[in-house]
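Please go through the notes below with the model open beside them.

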Amino acid sequence: MRIYFINPPVSNTTKQIREGRCMLNAGAWSSLWSPVSLALCAAKVRTNKEMEVKLIDCVAERINFPKLSAMVKDFYPDLVVINTSTPSIESDLRTIKYVKDVNRKIRTAIIGIHGSVLTKDCFYLSADLDFIIRGEPEYTVYDLTLAINDNKDLSLVRGISYRKEGKIIHNPSRGFIKDLDKLPYPAWDLVDLSKYTLPFSDKQFLLIIPARGCPHKCGFCNSKIYYGSSLRLRAVKNVVDELEWAKDKLGIDNFLFWTESFTLDKKYALGITEEILRRKLKISWVCNSRVDDVDKKMLDRFKKAGCWMIGYGIESGDNDILKRTGKGINVNQSINAVSLAKKSGLQVVAYYVLGLPGETKKSIKKTIKLANRLDTDFAQFYCAVPYPGCGLYEEAKEKKWLNSNEWRKFEQNYSILDMESITAKEVMFFRKTAYLRFYFHPRRMYRILKRIKSKRTFLNFIRMVKDFLSWINKN
């Protein structure tokens, strides 16, 4: 049996990132991410030696729909599994038409949060869609391939929805994976890893998943749909073994620890750090954290073990807005976390969300002021997005805040919430203001220019500036 895993093309020139809750267009200083969800699914499926597997990242490879159709025809798979996200869902589902044009008998399936939440809507959007993988995808995709290959009863595959005799059937949900260590390493041999590089340095990097799940209750986050609210940890040895494997076998020594928050279990995060140091593993890595989960000792050890940057979800500079999000942090904690990271010699990227419930012109100005006061190395100013599956989506529908039903606008570069206290248009104005004030400050411009070490990084920087200015003006 042949299975083709596809990160589909985009309908325009936008670089689309589709990874669980991270559904965004690559924008200010962003890089494309290696398609770890598809690579994990592919790795699990090919543990069955009867399966022939391919994976193509159309975004990274700049492959359009007609070219993809030709590639599908050349491989002639029995099943195509397509990665999806909310803002790209309509474009993603177009992929199915091109697959079916090759042969109507090719089965099609999608993974992603959008289909997991709005399952019926996705079937409605694509009459040729055969299967929707709901929730955590690896074992469900694996069982689906077995059922198709062995012609078994599809009703036995937990976690799928499918069409049967004109009806949509929803099988019982699958529980979350209890032992993440049983998953194989991602099938990176199926991917051209040279396409995934860090800004400025152009060095290759990979995503590493140490844990899944988050117990916190942020109203604007939908991660629990995919990975649940209970923290599940891989063994420290298993994670560091993968880091060592990637360095020795793939020649990559830059990593992004991709989790809801790397420091949710501080003992665990330190355990990984100490194991990296014990093995004298020379790698560089980036992680994310809540601002209330760090201390100086831990950040010092991170730095010694190769961590060079940490990302904080600061969200807002107004405590009343933060309280309404349900995240459980305050501005003083953000100030302290950034200060500790700087003292440990770490670079900091700060993430802010503009247009959250209760936002006003006054509160948004507080956020812009805080961003400039904190003076982090990088900052991302996102718009609050009512993603299906999160509390904000339900609140926005109930209060009739949504000014658009176009899924392509349900992404962090757009504000689509017209609230009583502030309009979407006003949020977009302040967002542009925030970016310009932050990145065009002389001190931060100087720090960025200092990163340029060669002709290659200079040319890369010029490209990034052009992309950045185009992106700001467009949005």
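**Notes on the model**

1. F440 sits in the loop that connects α16 (424-439) to α17 (442-450). Helices here are DSSP runs of H or I with at least four residues, strands are runs of E with at least two, and both are numbered from the N terminus. F440 is partly exposed at a relative accessible area of 39%; buried means under 20%, exposed over 50%, and partly exposed in between, with a 1.4 Å probe and protein chains only. Together with L436 and M445, F440 makes up a nonpolar surface patch of about 240 Å² accessible area. Patch members have over 30% relative accessible area and no salt bridge, with nonpolar side chains (Val, Leu, Ile, Met, Phe, Trp, Tyr) joined within 5 Å and like charges within 9 Å. Areas come from the Shrake-Rupley method with a 1.4 Å probe, and for residues only the protein chains shown count as cover.

2. On provenance: this is a predicted model, in which local features need pLDDT of at least 70, side-chain atom pairs count only at pLDDT 80 or more, and totals for chains, interfaces and linings use all residues. Residues are numbered from 1 along each chain as its sequence is written, and side-chain values use heavy atoms, with hydrogens and water left out.

3. Two strands count as paired if DSSP finds at least two bridges between them.

4. How much of strand β6 (residues 107-111) is buried? Four of its five residues are, so β6 is largely enclosed by the rest of the structure. Strand β5 (residues 79-83) runs parallel to β6 and is joined to it by five bridges, with I82 opposite I110. Two bridges, also in a parallel arrangement, join β6 to strand β7 (residues 131-133); there I110 has I132 as its bridge partner.

5. Contact means heavy atoms within 4.5 Å.

6. The other open sheet to check has six strands, ordered β10-β13-β14-β15-β16-β17, with parallel pairing. β10 (206-208) and β17 (378-383) are its edges, each with a single partner strand, so one side of each is left without a neighbour in the sheet. The twist averages 20° from one strand to the next. Three bridges hold the parallel pair β13 (residues 254-257) and β14 (residues 284-289), where N254 faces S284. Helix α14 (residues 361-374) packs on this sheet, touching β15 (307-315), β16 (347-354) and β17, with its direction at about 175° to that of β16.

7. I335 belongs to helix α13 (residues 331-343). Leaving aside neighbours within four places in sequence, I335 contacts L370, R373 and L374.

8. The structure holds 32 salt bridges, each a side-chain nitrogen of Lys or Arg within 4 Å of a carboxyl oxygen of Asp or Glu. K97 pairs with D101, the closest N and O atoms being 3.0 Å apart; both lie in helix α4 (residues 89-102), four residues apart, about one turn of the helix. K97 is partly exposed at 47% relative accessible area, while D101 counts as exposed at 51%.

9. Which residue meets E136 in a salt bridge? R212 does, at 2.6 Å from N to O. The pair links distant parts of the chain, 76 residues apart: E136 is in the loop between β7 and α7, R212 in strand β11 (residues 211-212). E136 is buried at 6% relative accessible area, and R212 is buried at 2%.

10. E242 and R234 form a salt bridge with closest N and O atoms 2.8 Å apart. E242 counts as buried at 3%, and R234 is buried at 8%. A network of salt bridges links K237, D241, E244, E275, R278 and R279.

Terms used: Axes fitted to C-alpha atoms, helices over the stretch in contact; angles between N-to-C directions.
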